[in-house]
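Here are my notes on the model you asked me to look over. Have it open while you read.

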Amino acid sequence: MSNSYGKIFKITTFGESHGVAVGVIVDGCPAGLEITAEEIQAALDRRRPGQSDITTPRKEEDKVTILSGVFEGKTTGTPIAMVVGNKDQASHDYLHVAQAFRPSHADYTYTAKYGLRDHRGGGRSSARETVARVAAGALAAKLLQHYGIMVRSYVSQVGSIKVRKHYSRVDLSQIDSNKVRCPDGKTAARMIGLIEDARDSLDTIGGVVSCVVQGVPAGLGEPVFDKLHAELGKAMLSINAVKGFEYGSGFEGVKLRGSQHNDQFYTDDEGNVRTRTNHSGGIQGGISNGQDIYFNVAFKPVATILQPQQTINDAGEEITLQGKGRHDPCVLPRAVPIVDAMTALVLADFLLRQRGNKLTP
């Protein structure tokens, strides 16, 4: 039922927003990978609610418990099961939507598909499910680090406020230096002001998370249908509130001619194959070429707003509905670790798949 992702490094997530817990089973992680609960917890802490005044005030420690697959600080090669309990549900905040279809939510579509739905925070459709992805992504990121691969995402746009610098001119070490997770300090301040304005207006706002992956070897990706960029796009579009994905030059590339857009090859002083430009975003023919992989992920404004809106109930009657409870005015700061996690999961899977693609001496 599409609750699993990956071919070799495979995850299956479970749980609902207001259930007892959310969790994940990771299968295919090689034995001998050093990992601690503290490392996984650090990733979850970046995603958890209540971390600043521009995120939801829901208070969740998101404390991870590793149930299996790790012994004495190393993976054993067996399935790794992890759970995170839900502690601060406020299910009463959702009683008013038990029979109503919230605008731009999954209420109607889940009802159309299953004939019923869990109205408490959206149930399985809630972004609370991404807790499980981040936990699994921490494992995948540790595997990538073993091979010298680094994944880093940051908020590059909120509303119309945008980081104008190319990622290579941004200090990515400063991503967590402010609460919006934008490494450009002056732009970050303006973004925070815009999010605060949306919050104070009982509204929400969207934006863009950019991701940069460095150290990826050439050769990752599977023709024809499992192209690397296709899998990255699928992974990003599976994240709640994502409305768009572009890699490399993306839509801006249509403004160039082929003579301008082509990435010409050369050999550097160390004998490595390089390209003089990187409009391809590190991927050609659906396979990594050894250059930086970079892409943008567009997130819509959070659908729950605290203003009256017109909608219908499950009887088809027109009603006025106003959001209640605790919600993010902007999902972007907490989306950064989710983009990191899904990127790491894609690359970890392809890295392991590549080991079976050709004979080695």
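This is a predicted model: local features need pLDDT of at least 70, side-chain atom pairs count only at pLDDT 80 or more; totals for chains, interfaces and linings use all residues.

1. Residues are numbered from 1 along each chain as its sequence is written, and side-chain values use heavy atoms, with hydrogens and water left out.

2. The whole structure has two cavities of 30 Å³ or more (a cavity is a set of points on a 1 Å grid over the protein atoms alone where a 1.4 Å probe fits but cannot get out; lining residues have an atom within 4 Å of a point). The second largest cavity holds about 40 Å³ (the space filled by probe spheres set on the points, which are joined across faces, edges and corners). Its lining is Ala-106, Asp-107, Tyr-110, Arg-117, Asp-118, Gly-122 and Ser-125.

3. Now the second largest pocket, with about 790 Å³ of space (a pocket is an open set with protein on both sides within 12 Å along at least five of seven lines). Among its 32 lining residues, Lys-162, Glu-246, Gly-248, Tyr-294 and Asn-296 lie nearest the centre. β16 (293-299) supplies at least two lining residues, as do β8, β10 and β11 (strands are DSSP runs of E, at least two residues; helices are H or I, at least four; both are numbered from the N terminus). β16 gives the most, five residues.

4. Finally, helix α7 (residues 332-354): 22 of its 23 residues are buried, so α7 is largely enclosed by the rest of the structure (buried means under 20% relative accessible area, with a 1.4 Å probe and protein chains only).

Note on methods
Buried means under 20% relative accessible area, exposed over 50%, partly exposed in between (1.4 Å probe, protein chains only).
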